[in-house]
Amino acid sequence: MRRKRQAQRARRRVVSAGGVVLRKDPPEVLVVSLKGGRVVTLPKGQVEPGERYPETAVREVREETGVEAAVLAPLGKVRYYFTVKEGEEPVTVSKEVHYFLMAYRGGEPRPQLSEVEDAYFLPVSEALERLSYPNEREMLRKALLRFRAKKA
């Protein structure tokens, strides 16, 4: 119940886009890590004014990881809530992330250190265990189904 009340009081809305970048067979997925490697997540970032979600996904993947990737298909969106402090006041943030299946086009992962600590490819089976958030594991599963369907 408390979570629902927080959602209703969200005072700030953030919209982001990110990518599930797959390469090779068996596939590997591009991930980034934070907090000394304790948080493993998919690359994503905020939509800039005038930008479409697929453009944001391509830009954010390139900025955070140095990898070039192209959008193949939308995967859906997730929404979650968190609280930040603005001065002494806690503010509930509603974050919506639009994810896309993306094809690897080139480049070696190198982290944008102002945003993430590391960037690397993981075998999908390992990523499904190590991704920190259930909604991102679900996006990876969706991406894998689409990736395999496109290869068939």
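**Rings, a buried valine and a helix**

Student: How does Y80 count by relative accessibility?
Tutor: Y80 has 22% relative accessibility in this predicted model. Buried means under 20% relative accessible area, exposed over 50%, and partly exposed in between (1.4 Å probe, protein chains only). So Y80 counts as partly exposed.

Student: What should I know about the model and numbering?
Tutor: The model is predicted: local features need pLDDT of at least 70, side-chain atom pairs need 80 or more, and totals for chains, interfaces and linings use all residues. Residues are numbered from 1 along each chain as its sequence is written, and side-chain values use heavy atoms, without hydrogens or water.

Student: How many aromatic pairs are there?
Tutor: Rings of Phe, Tyr and Trp (its six-membered ring) pair with centres within 6.5 Å; planes under 30 degrees apart are stacked, over 60 edge-to-face, the rest tilted. By this rule the count is two.

Student: What geometry do the rings of Y80 and F82 have?
Tutor: F82 is partly exposed, at 32% relative accessibility. The ring centres of Y80 and F82 lie 6.3 Å apart. Their planes meet at 35 degrees, so the pair is tilted.

Student: What about the rings of Y104 and F121?
Tutor: Their centres are 5.6 Å apart. Their planes are at 85 degrees, so this pair is edge-to-face.

Student: Which strands hold Y104 and F121?
Tutor: Y104 is partly exposed at 24% relative accessible area, whereas F121 is buried at 12%. The pair links distant parts of the chain, 17 residues apart. Strands are DSSP runs (E, at least two residues), and helices likewise (H or I, at least four), numbered from the N terminus. Y104 is in β6 and F121 in β7.

Student: Why does V40 count as buried?
Tutor: V40 is found in strand β3. It counts as buried because its relative accessible area is 2%.

Student: Which residues does V40 contact, beyond four places in sequence?
Tutor: Contact means heavy atoms within 4.5 Å. The contacts of V40 are V31, V32, S33, Y120, R130, L131, S132 and E136.

Student: Which elements do the buried residues of α2 pack against?
Tutor: The buried residues of α2 are T56, A57, V58, R59, E60, V61, E64 and T65. They pack against β1, β2, β4, β5, β6 and β7.

Student: Which residue just after α2 takes a positive phi?
Tutor: The phi is about 80 degrees. The residue is G66.
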